[in-house]
Amino acid sequence: MKKHNKNHNQPSHSEPDAMRMRVDKWLWAARFYRTRNLAKEAIESGRVHYAGSRVKTSKEIAVGDELQIRQGSATAMTEKTVIVEALTAQRGNATAAQVLYSETEESENRRAYYSEQRKLANLARPDNKPNKKERRDLQRFRQGQD
């Protein structure tokens, strides 16, 4: 009978295990996604890029690697470019997660710009819906325009 090898699931590479980690596990530990399954789905749908190209869930990353991560809905999509600063297999609180990465200055500026653009676009929207009289006035105005 064979002995059970505790390290049978470990990746076969020459570097120590502490130096590399699966990208889905790191995204979960860095609190970009609430669960590893959500991180996996984001990777598979092409929202996470490494060196400008899509990655697989099992891609191993190391300290110093650069990732592009898209998060949010279609109307409030944010894209971050982060540099991996540290690796950990345990998910900690938000302050511990911020130590794991640093966002590039270009990425911060781009996010601030798009945030400002979204705020300006919301200013063009009225605060409330038109009431019945205002709707009738609008219809009369539009019909007179034709």
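**View 1. Glycine 72 sits in the hairpin of β5 and β6.** With six residues between the strands of this hairpin, glycine 72 takes a positive phi near 100°. Strands here are DSSP runs of E, at least two residues long, and helices are runs of H or I, at least four, numbered from the N terminus. The model is predicted: local features need pLDDT of at least 70, side-chain atom pairs count only at pLDDT 80 or more, and totals for chains, interfaces and linings use all residues. Residues are numbered from 1 along each chain as its sequence is written, and side-chain values use heavy atoms, without hydrogens and water.

**View 2. Strand β6 pairs with β5 and with β7.** Strands pair if DSSP finds at least two bridges between them. β5 (residues 66-71) and β6 (residues 78-84) run antiparallel, joined by six bridges. Glutamine 68 has threonine 81 in β6 as its bridge partner. Three bridges join β6 to antiparallel β7 (residues 101-103). Valine 82 has its partner, glutamate 103, in β7.

**View 3. Trp26, Phe32 and Tyr101 form a cluster through ring pairs.** Rings of Phe, Tyr and Trp (its six-membered ring) pair if their centres lie within 6.5 Å; planes under 30 degrees apart are stacked, over 60 edge-to-face, the rest tilted. Phenylalanine 32 and tyrosine 101 make a tilted pair, 4.8 Å centre to centre, with 45° between the planes. Phenylalanine 32 lies in the loop between α1 (23-29) and α2 (36-44) and tyrosine 101 in strand β7, so their pair ties together parts 69 residues apart in sequence.
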